[in-house]
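This briefing goes through one protein model and its ligand, topic by topic. Please keep the sequence and the structure in view while reading.

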Amino acid sequence: MLPGWIYIGVAIHVLIAIVFISSLLYYHNKANTLAVKVATKVDKYLKEFGYDAAPFLPKWYNDLSTIVKLDYAPNTVCVVVLSNADMFDKTLPRYISEHDPELKQGGDCVDLCTRHYMNKAVTELFPDEDIEIMYDWELQTNSRLPKVNMSTAGHAAGLAFYNRPEEVESPSWESKRKMFGCSISPKYSGWFGYRAVLIFKNLKDDDIQYLPPHDAVGTQELKTKLIECFNGDWKDPAWRDIIFTDKRYSDEQLEYFNTLPADRLPRIQALMERFKDEEVKKDL
Ligand code: B12
């Protein structure tokens, strides 16, 4: 027979272990809510094609966006998708080589490529869900306003902080001048593009916690420079380099986006030549 204090000691240790494991499970479940699981699935699937995804709720978005609203229940699961440098440099040439007939019908190849991978992701991952996809270029039918304000969606999802001109305390520009805000990602700085918002109409999440995005630009001095550059020469990529990232666009990609849509065909042809050469080298 062991002394009583040993039994008491063991009981206390077991109790502490139970409390510890339950709190781990509680916080794990809180962090791993339905919206997080859905967005993680989308993110993992799209990663190899050069896209990143993160979850948000219409409530968070509508609390920020003053004009362009999302008319869904506040707790509906939504996912915002951006493209990073790999989408153009790696995925696009492969997509074009496999879907040439679609491209000959005209249309923007980046938009076609994005539409292809968004449709593929939702049909393969969520075949039974009712999902609406809104693209960055889509406008509302009766106004010139976008269907969804991508910068606000990305800010709500924590992907990139939306730097507004109103944040600048001593602006260097005339107060009458209309200045546009600019999103900066802690991962890609300005080297990304918003592409789509996926709305899972029948999925609701009441547990996900709002986490504000990381303000990577931070200082007033840099914010002033950012807003000045973003509203200056749109072909100058200085605003994209406002913070350090090792994942910038290639020169080929930058030149493509700096070329007016009507003049982009020769750039696509050059991209395809480069891709064909690389494929031939791989086979040698
Ligand atoms: C129309 C448009 C333009 C127009 C007008 C610009 C504008 N911002 O309105 C023009 C042609 C000028 C333009 C130019 C450019 N654009 Co543009 N454009 C758009 C587009 C399609 C819609 C923007 C819009 O009209 N919004 C509606 C107005 C009312 O929104 P808003 O002014 O932002 O106001 C809202 C917010 O302030 C919000 N709000 C209010 N308070 C608060 C508080 C917080 C904290 C937050 C988060 C939000 C918030 O509520 C307001 C109303 O809803 C978006 C894509 C999209 N679907 O969002 C791209 C977009 C904004 N453009 C983009 C880019 C890159 C550009 C260009 C560099 C060219 C290019 N495409 O490469 C240039 C840069 C500007 C310049 N030097 O000319 C990127 C922004 C990237 C970034 N990192 O920020 C976007 C998101 C496109 C994308 N696919 O990524 N663009």
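This is a predicted model: local features need pLDDT of at least 70, side-chain atom pairs count only at pLDDT 80 or more; totals for chains, interfaces and linings use all residues.

**Briefing on the model**

Residue I131 lies across from F200, a residue of strand β6.

- Four strands form an open sheet in the order β1-β2-β6-β3, and their pairing is antiparallel.
- The edges of this sheet are formed by β1, residues 51-56, and β3, residues 131-135, each of which has a pairing on one side only.
- From one strand to the next, the twist of the sheet averages 20 degrees.
- Strand β2, which spans residues 76-83, runs antiparallel to β6 and is joined to β6 by 8 bridges.
- Within that pairing, V79 has L198 of β6 as its bridge partner, while S83 is partnered by G193 of β6.
- Strand β3 likewise runs antiparallel to β6, and 5 bridges join these two strands.

**A pair of packed helices**

- Packed helices are in general described by two quantities, the angle between their axes and the distance between those axes.
- Helix α2, residues 34-47, packs with helix α6, residues 109-125, at an angle of about 130 degrees, and the axes of the two helices are 10 Å apart.
- The crossing in which α2 passes α6 is right-handed.

**The surroundings of the ligand**

- The ligand is surrounded by 27 residues, and the closest of them are I67, P146, H155, S183 and Y194.
- At least two residues of this shell come from each of α7 (150-157), β5 (182-184) and β6 (193-204).
- Helix α7 provides the largest share of the shell, with 4 residues.
- By residue class, the shell around the ligand consists of 14 nonpolar, 11 polar and 2 charged residues.

**The domains**

- The domain assignment divides the protein chain into domain 1, residues 1-31, and domain 2, residues 34-279.
- Taken over C-alpha atoms, the centres of domain 1 and domain 2 are separated by 46 Å.

Technical notes: Residues are numbered from 1 along each chain as its sequence is written. Domain bounds come from an automatic or database domain assignment. A residue is near a molecule or strand if its C-beta atom, placed from the backbone, lies within 6 Å of it. Ala, Val, Leu, Ile, Met, Phe, Trp, Tyr, Cys and Pro count as nonpolar, Asp, Glu, Lys and Arg as charged, and the others, Gly among them, as polar. Two strands pair if DSSP finds at least two bridges between them. Axes are lines fitted to C-alpha atoms, for helices over the stretch in contact, and angles run from 0 to 180 degrees between N-to-C directions. A crossing is left-handed if the near helix is turned anticlockwise from the far one by less than a right angle, and right-handed if clockwise.
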